[in-house]
Amino acid sequence: MPRVSAAFFFTGAVIVLFGMGMGMHMGESGDFTLLPVHAHLNLLGWVTMALYGTFYALTRETLLPRLAWTNYILSLIGLTVMIPSLALYLAHGNDTKYVPGLVVGEVATVLGLLVFGYCVFRELARKRA
């Protein structure tokens, strides 16, 4: 498995641990104010990161490490900026002072997806033996 795939899986596992812990806390407390944060942790943090890691593992012979690592870094930046910003936004009654963090995180996440999309397209378009 390429190191970048392992990085995606490790990061996803750490993030889903936080997501599960948050879900357990919400269930115990009955306070679901941060439900969107929980969903983003699990979907972007675990599912998306694991899918990225799987793709790069399956295409290890043809992947471009620089693009794969760019995808990882952008995705990690997006998550580490967006998730806390979303939590603060929701916890403080949709206070707009946290919107810039949300925007930076969202843009980084989308840029990561665009890099991934390019890698998928490149794999789709490559000549097969």
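Tutor: The largest nonpolar core has 26 residues, and those with the most contacts inside it are Phe8, Val37 and Tyr56; such a core is a set of buried Ala, Val, Leu, Ile, Met, Phe, Trp, Tyr and Cys residues joined through side-chain atoms within 4.5 Å, where buried means under 20% relative accessible area with a 1.4 Å probe, protein chains only. Two or more residues each come from H1, helix H2 (35–58), helix H3 (65–91) and helix H4 (99–125), helices being DSSP runs of H or I with at least four residues, numbered from the N terminus. H3 gives the largest share, nine residues.

This is a predicted model, in which local features need pLDDT of at least 70 and side-chain atom pairs count only at pLDDT 80 or more, while totals for chains, interfaces and linings use all residues. Residues are numbered from 1 along each chain as its sequence is written, and side-chain values use heavy atoms, with hydrogens and water left out.

Turning to the rings, the structure holds eight aromatic pairs, meaning rings of Phe, Tyr and Trp (its six-membered ring) with centres within 6.5 Å, called edge-to-face when their planes are over 60 degrees apart. In one of them, the ring centres of Phe8 and Tyr72 are 5.1 Å apart and the planes stand at 85 degrees, so this pair is edge-to-face. Because Phe8 lies in helix H1 and Tyr72 in helix H3, the pair ties together parts 64 residues apart in sequence. Both Phe8 and Tyr72 are buried.

Methods: Buried means under 20% relative accessible area, exposed over 50%, partly exposed in between (1.4 Å probe, protein chains only). Rings of Phe, Tyr and Trp (its six-membered ring) pair if their centres lie within 6.5 Å; planes under 30 degrees apart count as stacked, over 60 as edge-to-face and the rest as tilted.
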